[in-house]
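Some notes on this model, as requested. Please read them with the structure open.

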Amino acid sequence: MKILVTGSAGFIGFHLVKQLLEKSNEVIGFDNLNYYYDIGLKYGRLAELGINQEEIKENQLIQSVIYPKHKFFKGDLEDKIELDKLFDRERFDAVVNLAAQAGVRYSIENPSIYIRSNVNGFLNILEACRHNPVKHLVYASSSSVYGANKEMPFSVDDKVDHPVSLYAASKKANELMAYTYSHLFNIPVTGLRFFTVYGPWGRPDMALYIFTKAIFEGRPIPVFNYGNMQRDFTFVDDIVEGIERIIEKPSNSQVPYALFNIGNSKPVLLLDFINALEEVIGKKAIKQMLPLQPGDVPTTWADVKPLEREVGYKPTTAVKDGVRAFVEWYKEYYKI
């Protein structure tokens, strides 16, 4: 297949592009390379995919020097004109939209960027798929849409009308927009609600990265809600396998729209997660116990049975193994 992956210099996007290329797909990666976190990490991921930083230019396709079937396009989803040109020229079989402004707490401080990127940008993707039909559009939603939901595990049949951050609200908006376009224009669309993805090349604003860095540097780690939090930590390889399977299986219902949770379905107590990290590093963390942050929730837990029934999705990576893989990458990347 010929697949567009937006957010390809991001954490999940990078891993997905690599896996799709290794399965002989033709992949065009798309990213605006913004400065939300260390851009050097994004360039490092691109280098792993054979994209030379020095050659990257705005709105131009760059050929990978490692993968003959891979090109990279630096652009912005908000630029409808350039996005439409790309769709018209390349004629994609499928699109995986992972590009978004991430971060729950950042959305409290910088709300407007979430509307521009996550809502307006996603609208441009939907419009591009409408006018340049694709076999399947897969897009990233988030477990954040469940808000303060207390029913466990989280099910896609639950009501999600009470988001507790603008990030969550923008992702709920994506789901509504995607269904509407699927209904009106018969576009095969699938949304995936991601649950706390971690692993090598992860984002520096995520807990595992923050904790690892602080432990190596001998600084305190922030432990919110005094450690009484559970997260459905999901290793990135398991996530990527699920996405890859979904790309090949669009919904065949009357409205070709589907929505799934994609997680590990095994919530882990934050303190147990920290203990696993301490054991792998061989050093105790200095814990700074803090209250729950605004926009955060105490527990996430994914019901993944529908995705398992649909495509045989079954995550296999134990938390300790995933943490070890991350720490090994971290030590190599930062030469510790």
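How many bridges join strand 3 to strand 4, and do they run parallel or antiparallel?

1. Three bridges join strand 3 to strand 4 (residues 70-74), and the two run antiparallel. Gln63 faces Lys71 of strand 4 across this pairing. Keep in mind throughout that this is a predicted model.

2. Strand 1 (residues 2-6) pairs with strand 2 and with strand 5. Five bridges link strand 1 to strand 2 (residues 26-31), in parallel. Here Leu4 stands opposite Ile28. Four bridges link strand 1 to strand 5 (residues 94-97), also in parallel. There the bridge partner of Ile3 is Ala94.

3. Together, strand 1, helix 1 and strand 2 form a right-handed β-α-β unit.

4. Is strand 1 mostly covered or exposed? It is mostly covered: five of its five residues are buried. In a regular strand, side chains alternate between the two faces of the sheet. In strand 1, Lys2, Leu4 and Thr6 point one way, while Ile3 and Val5 point the other way. All of them are buried, Lys2 included.

5. Which residues have the most contacts inside the largest nonpolar core? They are Val5, Val96, Phe194 and Ile243, in a core of 66 residues. Helix 1 (residues 11-22) gives the most to this core, with seven residues. Apart from it lies another core of 28 residues, including Leu86, Ile125, Cys129 and Leu137.

6. Val5 deserves a look on screen. Beyond its sequence neighbours up to four places away, Val5 touches Gly13, Leu16, Val17 and Leu20, among others. Its contacts also include Val27, Ile28, Gly29 and Phe30. Val96 and Leu98 are on the list too.

7. Glu82 lies in helix 3 (residues 80-90). Leaving out residues up to four places away in sequence, Glu82 touches Asn59 and Phe73. Glu82 and Val156 are 74 residues apart in sequence. In space, their C-alpha atoms are 34 Å apart.

Terms used
Residues are numbered from 1 along each chain as its sequence is written. This is a predicted model: local features need pLDDT of at least 70, side-chain atom pairs count only at pLDDT 80 or more; totals for chains, interfaces and linings use all residues. Side-chain values use heavy atoms; hydrogens and water are left out. A nonpolar core is a set of buried Ala, Val, Leu, Ile, Met, Phe, Trp, Tyr and Cys residues joined through side-chain atoms within 4.5 Å. Buried means under 20% relative accessible area, exposed over 50%, partly exposed in between (1.4 Å probe, protein chains only). Contact means heavy atoms within 4.5 Å. Two strands pair if DSSP finds at least two bridges between them. A crossover is right-handed if, with the strands pointing away from the viewer, the path from the first strand over the helix to the second runs clockwise.
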